[in-house]
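Visitor: Hello! Could you walk me through a few features of the structure we have here?

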Amino acid sequence: MRPPRPLRRVLLLAAAVTLGAAVPAFAGSAPPPPAPFTGAAAGYAGTHFGDGDVPAGCILDRDEADPDNGCFHMKVGLNALDSPEVNVAVLVPVSPAAERDMRIMRQAVDMWSGGIQQLAKQMDLDWLAKGVHFNVTTRLVPTDANGLPTQAIHLVKPKIVVVATNPVGGIGIGIDPVNFASQLGITGADGLPCGSIADPFSMKTWQQRPGFDDHHGDQGGIYVKRCDGPGGQVCFSVNGAVDPVPGKTDFFSLYDLVAHETGHCLTLGHVGDGADGPWGPTPTDDIMAYSSDPVDVAKCVSTLDVEGFALRMSRFLDVDGNGKVDDADVLVPNDLKGDGASSFQVQNPHDHSYASGTGRAEDCPQPDTSTLPLAEQTDWQPTPVATTRAALTLGAVTGSAGRLSWGATAAHVDTRPVPTERTTSVSDPTGDGAAPATDLTRFTASVTPTDVRATLTLDRLWPTTDGGRATGYGLYVGGRKFDSFVPTQGTSSEVQTIDSGGRYLMPAGTSTWDTEKGTVTFTIPRSYLAKQRIQAPYSVFAATGVHIRTKDWVTSLDRAPDSGYVKLAGPPAAPGPKDAPMAKKRSTRTVALTHEGGNTFTPADTSTQGVPLVPVVGNVHQFALPIKEQATAEVTLTWDDPSSALGLLVKGGSGQESESGDGSVTVTVPWAHRDLAVQVVPSQVGAPSVDYTLTAKLTSLTANADGDAVPDIADVCKKAAGPASSGGCPDTDRDGVLDTKDTCAKIAGRQASGCPTAADEKVVAFLDGKQVSSTYAMTRHGRYDTSGSVAAKRGTHTLKLVWYSGSTVVKTVSSQVTVR
């Protein structure tokens, strides 16, 4: 269900108060609500809550290579935050940079407070904006000359405790934890002690504590403590980034790491990456993506984050506005228990935007990370600004046989300048890249109908036959980083390419090295970028770095251009891959898959692929499984050594089921309609080697009752034709609500029922000043067809179209026409 959207004004709440004190409002009146087409509101159509109520254009399958999986999936319900009064305590040990560290960590929490307030109002979740209060306190823990604390730490009724740890000590965050011997004491809401945690500034202390969720395999995680009595849930956001130069010398800046872990304490999981992804197209700019995208920009809250947070807060707030809080207020995610253990909130990417003035990630408010605090504080609720202009286009108008017909569309057109150049060449000074192998001298890029192509020229490039190197080479396209490298272990000397944001190993040949010319060349298919919601014009630049794990570098060692990026236009994109045809009759065939070097692994091939945030080492065998006709594919892997363990991945189909046995794995893809990508992963290889057999049984599909592009085996709506991107279900009025959930299936509307309200958009037609038709519209997801036809007498008439948003006129257009 979608909650009702009462139009209420909300006071902005102060973020910094003493724990337990009342929360005062800022002086002055509340700011006016944003215009309907500014900021995040410009593209946000509405929430989709309730199991199975996924937005139109979305499916539940989370295979990132499934051609029909085009939506974002956020894991929700990560812990049991149990109050809308979110008391946050930020603890920082004394150090030379303690003021800066405390300021950064405080801002990471303020970003959540301000972002949720800003977006909740723009998303018509007034009950959330009004009901949730963040109360933030900071505490600097003093130490003596030996680095020992001079006082114990005691907190009363916190909901989230943000702790900075320092794995090396003496710089940046704080003291050496080896010398820290005090305790962190907690008192619950009932006034009773809730235990203590010894040595809380030591990352090792938390990592050894039962229940600590070190889900990133990195210097961060969360720990949840349940105290007796009401409101006793406490979440510890533990952060160990060593960040003396913010954003430059660690995998992630202190700000982003604290913000990310605090998001977990707010019950939010990942959005398709990290240790438990990928799940499809990944909004890598999201603070809940474990990614360094967007480059050189701190992240902020997204509309998907707010939807996930609203799910938990609906247990404690009056969602339906009836004056009481009960079970009727509780919202349910639209993919409840999606994988048997976790629930997900699925969002159409058109609804995804950020708590910035424009709604874009690159414009997120930026924290103050300077050594000394700046005079002006960051505004975490920036004023929404218009980024589009309204365009009401009247097409062909004809009149004959007593009828007047017209074509028309309503749309919001992006006002950003559009580049015209499709190629670029950037020279970079020699000697500024730390070492010859990381010193860029030139960067060229071009856009063709099929690909984004780029070449990085280095002062010197190591031969791949010398074995893997820690050096990595990166191409950034539309904020997404693609890494080229050679594994540092194992027998493979093949160049590999990873989509770092999506954690996806790209096909062989995506990047190539020419050691004689000293070049690394990338060829990124535009069809792949489109799948990741990256469209022309493309922002591009190149960088080099130290590649020590699958996702990120310690730092960028050289870059071209030295700052910013180059915008490239794109010619019309070539048609993407097409579905295989449906078979005319049912048949079965079996295919044997053989690797070029043989179906054999040795112990040196043992791979770490799939191990969270660990360098990809070892040798993974990749295969292409051509699909000539749509089929059910049953891929079976068997091996002959009981001391070995092999893994099987099959990507590119619609849904899949896996069954394992002794020395075997079978993956079944019910609907394979494009070529599949198959990988055999040597998870553990016994001496001296292991041989395996890989076969694929393909059974063609013929049943398709409604005649759409989705066969019955995968069609959610077998008797109503619809697109594959919606599981075969239609959305007749194109309002984002599938007909199966839409009470007004032929009239666009933003209510949960799919029906319009007086505040919705509509285009009204006037003939000679008299209203003759009215069409409800939904332009938040793009251009909307408002064509019409009415009876008209012979003669010359004036046709006028007026586009309304509620009672506000957005745009008008008129034309003279003669009816014959």
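Guide: Gladly! Let us begin with a term: contact means heavy atoms within 4.5 Å. Please keep in mind that this is a predicted model.

Visitor: Which residues of helix 5 does helix 1 meet?

Guide: On the side of helix 1, the residues involved are Trp-112, Ile-116, Leu-119 and Ala-120. The residues of this contact divide into 6 nonpolar, 1 polar and 1 charged. From helix 5, the partners are Thr-303, Asp-305, Val-306 and Phe-309.

Visitor: How are helix 1 and helix 5 oriented to each other, parallel or perpendicular?

Guide: The axes of helix 1 (residues 98-122) and helix 5 (residues 303-313) come within 10 Å and cross at roughly 90°. Angles of 65 to 115 degrees count as roughly perpendicular. Therefore helix 1 is, relative to helix 5, roughly perpendicular.

Visitor: Is Ser-253 buried or exposed?

Guide: Ser-253 lies in the loop between strand 9 (233-239) and helix 4 (254-265). Its C-alpha atom is separated by 9.7 Å from that of Ile-104, 149 residues apart along the chain. The cut-off for buried is under 20% relative accessible area. With a relative accessible area of 14%, Ser-253 is buried.

Visitor: How many of the 12 residues of helix 4 are buried?

Guide: Helix 4 reaches 17 Å from its first C-alpha to its last, close to the 16 Å expected. Its buried residues include Leu-254, Asp-256, His-260 and Cys-265. Helix 4 is largely enclosed by the rest of the structure, because the buried count is 12 of the 12.

Visitor: Which residue with a positive phi follows helix 4?

Guide: Helix 4 ends at residue 265. The phi of the residue in question is near 85°, and that residue is Thr-267.

Conventions:
Residues numbered from 1 in each chain as written. Predicted model: local features only at pLDDT ≥ 70, side-chain atom pairs only at ≥ 80, totals over all residues. Heavy atoms only, no water. Axes fitted to C-alpha atoms, helices over the stretch in contact; angles between N-to-C directions. Helix = DSSP H or I, 4+ residues; strand = E, 2+ residues; numbered from the N terminus. Parallel < 35°, antiparallel > 145°, perpendicular 65-115°, else oblique. Nonpolar A, V, L, I, M, F, W, Y, C, P; charged D, E, K, R; others polar. Buried < 20%, exposed > 50% of the residue type's maximum accessible area, 1.4 Å probe, protein only. Expected span 1.5 Å × (residues − 1).
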